[in-house]
Amino acid sequence: MLETHDTVTEERTEAETGKPQVEREFTVKERGYWRMAGRRFLRHRAAVISLVVFILLVLFAFVGQRLWHYKWNGGFIDAQDINEAPSLKHPFGTDDKYDQMAEVMRGTQQSLKVAFMIAFFGTGAGAIWGVVSGFFGGVADSGLMRFADLILTIPPLALAAALAYQGGGKLWQIGIVLAAVSAPYVARVVRGVVLSLREREFIEAARALGATNVRIMFRHLLPNTTPVLIVNATLLIAAGILLETALSYVGFGIQPPDTSLGLLIVNAQGAVDTRPWLFYFPGIFIILIALTVNFIGDGLRDALDPRQTRERR
Amino acid sequence: MTIDLAVDDKGQETDPEALIAVDNLTVSFPTDDGVVRAVRGVSYTVRTGQAMGIVGESGSGKSVSSLAIMGLLPKNARISGSVKFRGRELIGLDEGELAKVRGNRIAMIFQDPLTSLNPVYTVGYQIAEAIHAHHDVSKQAALDRAVELLGTIGIPYPEQRISNYPHELSGGMRQRVVIAIAMANNPDVIIADEPTTALDVTVQAQVLEALETARHETGAALILITHDLGVIAGHAERIAVMYAGKLVETGTTEEVFYRPRMPYTLGLLGSLPRLDQHTHERLTPIKGAPPSLLNLPPGCPFTPRCPLAEDICDAEEPELLATEGTGHAAACHFRNRMADADAAEVFGDAQEVVS
Amino acid sequence: MLVFVIRRVLISIPVLVASTILTFIIVKMTGDPLTYLKTRQPIPPPSVIHQQEQRLWLDRSWPAQYWHWISNVVLHNDWGPPVLGHDNVRTDVFHALAVTGRLVACSVAIALILAVLTGVISAVKQYSMTDYTTTFIGFVFLSMPTFWFAILLKEWGGIKFNEATGTHTFSTIDEPSSWVNPGQLLGHVLLPTIVLGLVGYAAWSRFTRASMLEVLNSDYVRLARSKGLKPHTVLVKHALRTALIPLTTVCALDIAALLSGAIVTENVFQWRGMGYLFLTSLRNRDFNIMLGWLLVAATLVILFNLIADLLYGVLDPRIRHA
């Protein structure tokens, strides 16, 4: 995680040898950890393409809604246009009320929001949980990890459904519930990393310099878990989207009148045959989001934690 | 350039008794930053029963050149040149053919015995496996031979040891198991790549002794690769010193140790602490670090660290040539001048430090 | 070895106990089981409500309820009455488990074999076209919402196929009535097995590939090659043997997850297994069924965790002796 120096410069001062200097600088540049990681990431074609596509998806969902003249909950579609297959006027077709492209835009937006919430809060909570547990060790660690294991014994969908049952199906509620379900997993992973870091000399050194526990945890341990956190966060985004879909399927996800991609395909189940565009478009978007995020996560994992030397073909 | 008593100083290797003949071996690896030229035209021969030591720092290319002999380099390695075993070219042979030679005629010992042995199989199984690979014998016979081998190299209670897993043995014992595997089929050549580097000093002697026993029992030639000159001293008749992917000095151990002809070798010898010296002299290290193998400038790669360097050293890389008509060759423009050089004088200030 | 086993088992017990408490709390959080009664029109008289509350022990404190439930389960094998109807909760849950078990067994078997095959091939031929294609396909499978794919398969694989061939080959509802009849078997089992096995396949194949790659670069594989062993011996006896060890752990845990997590697949194909049972009990707020379900689910997870640990000990001597 610390700087790596690739420079090798050979210089001798004139005083040493009394001969004119020969500068023999070998042109390998010095690079920091993040720059090298960035370079490694850019070499993953799939990850880079996915990143571009993902950004386009985000733009489509958030910006597109402002630009597109049909709204997801508005109206303004002509009566004769309902339940029509995709056309120039309605590129994603229509259902019996709304233009589908607007629906998909809104759905994507909501699903993305949920997914980001899950990733952010799940990773955040999990990270603090894991760092505290790993750092203090002993009984606290045992207790915290047992609790995590406990949560992990309950099937996530069941747990989420049960927790979400009482709520009104608002977006932030779904987000928090799913984040809570994901946090223990992150906590375990982070704790593992912390355990391996705890014994390293730089922690001892920090302590010797008088750092408090809190300082060690947040200034030294947590930053070193960043690569793991980033990778896990991306995985949670992908998993989150799929979990949200499943939750909608069992009826405990985002409730109408709002919509999400999950809800869209659930509502379109019966129409696979008759109005397939209602079923396929949202589904493809879910796949695109999860796929691009998965590839990005894969690229990030290789970039931030390269363990095998990649050959150059 | 081969070093052979029967050949002139620029001679071709035509040594009919050569067991292994390496000729102009070059190995490079493409990486993100460019091509790393790990081995740059290395040639040497090893005769039957001979023990040759290859000495060099990390990154000098010594391990890579031996892996090339066995065909064990990673897939992205670019190899050129020739490696002949009993006149048969090994480079470019397919895996099936190579498998017949490996472990059978040429065996290898690696540096870290903990990771070299498969953790899920017993030690006895892994030795017997080596035997089974090349001989059609019964399971029991192979295990018996395994017990025999372990006993030969000095492991007590071998009958019990064969049922142990690698993690149950100490580092020294593990390495001796690896040696047993290497000698199992009476190979003609044993290549030992830093066999003692991962071990404690006290254990090193035991392992080296086991290596000697292995040689003695099998009559194999030995290529001993190490960065530790002390290890070479007692166990090799000839030495080859490598630096930055090339051989920079070759000759008999005595010649190279007592009359080094290349400043690098001189520096290496001078930087060794010695218990038998009574004058309190400072160690004279060689300043600087080995060059990056990515962008080697023209000229001798040792130039930046060499106190004797002159302009010609920057311009032209010296060839490995015999000095004054002997079999002792060095790659230095001033090889003939080096005869009585003293490391302390050449490399540092030889002030006496009063204790 | 025995010590290892016993230690693991002993550790599991308090986890199980704690799990029951958590389970209870979760179920309690889903709300009042008698909501259906209290929201009925016209509202039933208080005596009726009170009678139900007594029958179901809902008028006691939470700890009392917990104790009542758990002691009945453990001591009398009585899992409590359902809110509606008179079925036996225990038999319901175990019956559902058996149904799901059959489905999961099929899926896992196929998915595992395919995953190991593709994982190994991908690793050995790293960076080849085969590798890229299988990796990509794996990723796509990992990114698909299960039920979306299930419906798709049901539509195209099942219904359209039936229409095209004029037969009723694929039945999209329920288990096969007979597991020995190949027609029945194929028609009922194939599609759900594919769906359920998909995610497992994708995850395990990636895992195998990663594990193999790491092992193929290891020192002991290099030594095995240097011994002159035949390439396929090196691959199977040395590389695969050690690479599969972590996979067994992952697989065991995933099986446990599948047994309680096949909710979506079961629903789409109308198999009355664990998933189906959970959903109906959740909708009906039938708390004793939910409790029983969660109890079994948690036990399965703990049990398979144990199995995973034990398998690891069997396969890796270093763990055994630790």
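Which helix of chain C gives the most to the nonpolar patch? In this predicted model, the helix in question is H1 of chain C, spanning residues 2-29, which contributes nine residues to the patch. The patch lies on the surface and has about 910 Å² of accessible area together, and its members include C:Leu2, C:Ile6, C:Val9, C:Leu10 and C:Ile13, with C:Trp62 also among them. One of these residues, C:Val9, has its place in helix H1 of chain C, and with a relative accessible area of 33% C:Val9 is partly exposed. Patch members must have over 30% relative accessible area, a cut-off that C:Val9 passes because its own value is 33%.

Chain A can be taken next, beginning with its overall make-up. Its secondary structure comes to twelve helices and two strands, and from the N terminus on the elements run β-α-β-α-α-α-α-α-α-α-α-α-α-α. Chain A has 313 residues, of which 51% count as buried. Within this chain, helix H4 (residues 100-136) and helix H10 (residues 226-249) have axes that come within 8 Å of each other and cross at roughly 135 degrees. The angle therefore makes H4(A) oblique to H10(A), because only angles over 145 degrees count as roughly antiparallel. The crossing of H4(A) and H10(A) is right-handed.

Helix H7 of chain C (residues 146-165) packs with H8(C) at an angle of about 150 degrees, the two axes being 10 Å apart. H7(C) is therefore roughly antiparallel to H8(C), and the crossing of these two helices is right-handed. C:Lys154 lies in helix H7 of chain C and, with a relative accessible area of 22%, is partly exposed. Although C:Lys154 and C:Leu191 are 37 residues apart in sequence, their C-alpha atoms are 7.1 Å apart in space.

Charged contacts come next. How many salt bridges does a search of the whole structure find over all chains? The search finds 20. One of the salt bridges is formed by C:Arg206 with A:Asp298, whose closest N and O atoms are 2.7 Å apart. This pair crosses between chains, running from C:Arg206 in helix H8 (residues 182-216) of chain C to A:Asp298 in helix H12 (residues 276-304) of chain A. C:Arg206 is partly exposed at a relative accessible area of 21%, whereas A:Asp298 counts as buried at 15% relative accessibility. The contact also belongs to a network of salt bridges, in which A:Asp298, A:Arg301 and C:Arg206 are linked.

In one, B:Arg102 pairs with B:Glu95, the closest N and O atoms being 3.2 Å apart; B:Arg102 is buried, with a relative accessible area of 2%, while B:Glu95 counts as partly exposed at 30% relative accessibility. In the other, the side chains of B:Glu97 and B:Lys100 meet at 3.2 Å, N to O. B:Glu97 and B:Lys100 both lie in helix H2 (residues 95-101) of chain B, three residues apart, which is about one turn of the helix. B:Glu97 counts as partly exposed at 26% relative accessibility, and B:Lys100 is exposed, with a relative accessible area of 51%.

A cis peptide bond joins A:Pro256 and A:Pro257, with omega about 10 degrees, and A:Pro257 is found in the loop between H10 and helix H11 (261-267) of chain A. In chain B, the phi angle of B:Arg86 is near 50 degrees, a positive value in a residue other than glycine. B:Arg86 lies in the loop between strand E4 (78-85) and strand E5 (88-89) of chain B.

Is B:Arg86 buried or exposed? With a relative accessible area of 52%, B:Arg86 is exposed. C:Arg285 likewise is a residue other than glycine with a positive phi, near 55 degrees, and C:Arg285 sits in the loop between helix H12 (274-284) and helix H13 (287-315) of chain C. At 17% relative accessibility, however, C:Arg285 counts as buried.

Definitions and conventions. Residues are numbered from 1 along each chain as its sequence is written. Chains are lettered from A and ligands numbered from 1 in the order in which they are written. This is a predicted model: local features need pLDDT of at least 70, side-chain atom pairs count only at pLDDT 80 or more; totals for chains, interfaces and linings use all residues. Side-chain values use heavy atoms; hydrogens and water are left out. Patches are made of residues with over 30% relative accessible area and no salt bridge: like charges are joined within 9 Å, nonpolar side chains (Val, Leu, Ile, Met, Phe, Trp, Tyr) within 5 Å. Accessible areas come from the Shrake-Rupley method with a 1.4 Å probe; for residues, only the protein chains shown count as cover. A salt bridge is a side-chain nitrogen of Lys or Arg within 4 Å of a carboxyl oxygen of Asp or Glu. Helices (H or I, at least four residues) and strands (E, at least two) are DSSP runs, numbered from the N terminus. Buried means under 20% relative accessible area, exposed over 50%, partly exposed in between (1.4 Å probe, protein chains only). Axes are lines fitted to C-alpha atoms, for helices over the stretch in contact, and angles run from 0 to 180 degrees between N-to-C directions. Angles under 35 degrees count as roughly parallel, over 145 as roughly antiparallel, 65 to 115 as roughly perpendicular and the rest as oblique. A crossing is left-handed if the near helix is turned anticlockwise from the far one by less than a right angle, and right-handed if clockwise.
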